[in-house]
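Reader: Could you take a close look at the charged side chains for me? I'd like to know how they pair up or cluster.

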Amino acid sequence: ELRRQRRAHGVAAVHASLDRRLQAVVNAWSSIARDAQRESVYQRQLDIAAAESAASCAVLRMEGRRVALEFRQQRRAQGLRAVRADLRRVRQLVLYAWKVAVGDLRQERMLAEELTLATDSIETARLEVQ
C-alpha cells in the first residue's frame, strides 16, 4: 500500500511538474501572441496616421497650387489694368497735344489774317494819303 501511495505521489508530482511546465509554455505563448497583436495594432495605427498625413499633405499641395494660380491671375489682371490705364493716359496726352497744336494753328491763322487785314488797311490808308 505504501508503495502504491509513493508511486501515485510520484506520478502526481510528475503530472504537476508537467502541468506547471505546460502552463509556463502557454503563458509564454500567450504573452508572445499578445505582444504580436499589440505590435500589429500599433503598426496599423502608424499606417493609418501615415495615410492621413499623406492625404492632408496632398490637400495642402493642391490648395497651395490653387492659391498660387489665384495670385497669378490677380497679378495678371493688375498688369492688364495698369497697361490699360497707361494706354488711356497716352491717348489723352496725344489728344491734348493734338488739341493744343490745332489751337495754336488756328490762333496762328487768325493772327495771320489779322496781320493781312492790318497790312491791307495800312496799304489802303497810304494809298488814300497819297
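Author: Here's a walk through the salt bridges and then a charged patch. Keep in mind that this is a predicted model, where local features need pLDDT of at least 70, side-chain atom pairs count only at pLDDT 80 or more, and totals for chains, interfaces and linings use all residues. Residues are numbered from 1 along each chain as its sequence is written, and side-chain values use heavy atoms, with hydrogens and water left out.

Side chains of opposite charge can pair when their charged atoms come close. If a salt bridge means a side-chain nitrogen of Lys or Arg within 4 Å of a carboxyl oxygen of Asp or Glu, the count comes to four. One of them joins Arg-66 to Glu-70 at 2.7 Å, N to O. Both sit in helix α1, four residues apart, about one turn of the helix. Arg-66 has 43% relative accessibility, so it counts as partly exposed (buried is under 20%, exposed over 50%, partly exposed in between, with a 1.4 Å probe and protein chains only). Glu-70, at 36%, is partly exposed too.

Then there's Arg-89 with Asp-86, also 2.7 Å from N to O, and these two are three residues apart in helix α1. Arg-126 meets Glu-123 at 3.8 Å, again three residues apart in helix α1.

Now the clustering: Arg-81, Arg-84, Arg-88 and Arg-91 gather in a positive surface patch (residues with over 30% relative accessible area and no salt bridge, like charges joined within 9 Å, nonpolar side chains within 5 Å). Arg-91 belongs to helix α1, residues 2–129, and counts as exposed because its relative accessibility is 54%.

Conventions. Areas by Shrake-Rupley, 256 points an atom, 1.4 Å probe, with all protein chains shown as cover. Lys, Arg positive; Asp, Glu negative; His and termini not counted. Charge placed at Lys NZ, Arg CZ, Asp CG, Glu CD.
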